[in-house]
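Here are a few friendly notes to read alongside the model. They follow its aromatic rings, so please keep the viewer open as you go.

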Amino acid sequence: MDRLTAAKVFVDVATSGSFTATADRLEMSRPMVTRYIEAMESWLNARLLHRTTRKVSLTTAGEDCLEEVKLWLKQAESLGDLANTGGELSGTIRLATSMSFGYSQVVPVIQQFLALHPKVSIDVDLQDSVTDLTDSQIDIAIRIASTPDPSLIGKPIALCESVIVASPHYLANSEPISTPGDLTHHACLGYKNFQQHVWHLTKANLQQSVEVSCRLTANEATTLLNAALCHGGLAMQPTYLVSQYLKNGQLKQVLPDWKPDDMTVYVLYSSRKHMRPAVRSLIDYLSDYFATSRW
């Protein structure tokens, strides 16, 4: 059997902990997954996985060789790129980003990149949490933060500004808002990963932090955006997501003189070593694309 495919199956099962999940992800039958794992174990002359009716876990031998197998797969991909005639980029890039940024900003740029490089494929993983890129088999992640994860290499590619917005209907049927303190009297829409919902605002040299009341919270920006469009209250939203709704009048900006804290959009990757040409090219393309504000 193809050892490269067998290695990919082994790494995926080690990550997912499930033969069935790997079969679905790699679009093959569960018996075929079993055959590839048996081929890997025969090749390495070691039992790699504990199998029970409830879960699959790595044996000591499996743990010992997992990182080496991952490195071998990366080297095999790099060799494939080098052997490609004419130096044309090829291979699959695994990219993680948030749902809101992926939907509104990443899809357009990767479509352009794919049009330029017909032998490249991109697998987008929409996730709002920062996960271990190596364990998740992610080549690069796009994250919005005040500072990047110190365990990763972060390249800033854009500035993320935010505004407070609400629907005209909500504002017309609520108390007026003229100062940050007025926010305490309103229904606000918050991110549930914060224990306290405090909005930090700046106007010139003035700073003010307001603890707001959030009856509706979510862990994802587009959900809060839709809640605001449905007249659910005030939402602090990135301009990359709400600019179109501000332009067409579906949303209105609240306290335009008071600015929420800016954040930075980063491209994150685990190491410069063994980076495939297609991955390096996509990082550069993203940087150039977002050098000019897109929202």
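1. Phe-101, Tyr-240, Tyr-289 and Phe-290 come together as one aromatic cluster. Please keep in mind that the model is predicted.

2. How many aromatic pairs does a search of the whole structure find? The search finds five. A pair of aromatic rings is described by two things, the distance of the centres and the angle of the planes.

3. Trp-72, with a relative accessible area of 31%, is partly exposed.

4. Now turn to Phe-101 and Phe-290: their ring centres are 5.7 Å apart and their planes stand at 40°, so the pair counts as tilted. Why does this pair tie together parts that are 189 residues apart in sequence? Because Phe-101 lies in helix α5 (residues 99–116), while Phe-290 lies in the segment after α9 (277–289).

5. For these two, the cut-off to remember is that buried means under 20% relative accessible area. Phe-101 is buried, with a value of 1%, and Phe-290 counts as buried at 4%. Both residues belong to the aromatic cluster that includes Tyr-240 and Tyr-289.

Definitions and conventions
Residues are numbered from 1 along each chain as its sequence is written. This is a predicted model: local features need pLDDT of at least 70, side-chain atom pairs count only at pLDDT 80 or more; totals for chains, interfaces and linings use all residues. Side-chain values use heavy atoms; hydrogens and water are left out. Rings of Phe, Tyr and Trp (its six-membered ring) pair if their centres lie within 6.5 Å; planes under 30 degrees apart count as stacked, over 60 as edge-to-face and the rest as tilted. Buried means under 20% relative accessible area, exposed over 50%, partly exposed in between (1.4 Å probe, protein chains only). Helices (H or I, at least four residues) and strands (E, at least two) are DSSP runs, numbered from the N terminus.
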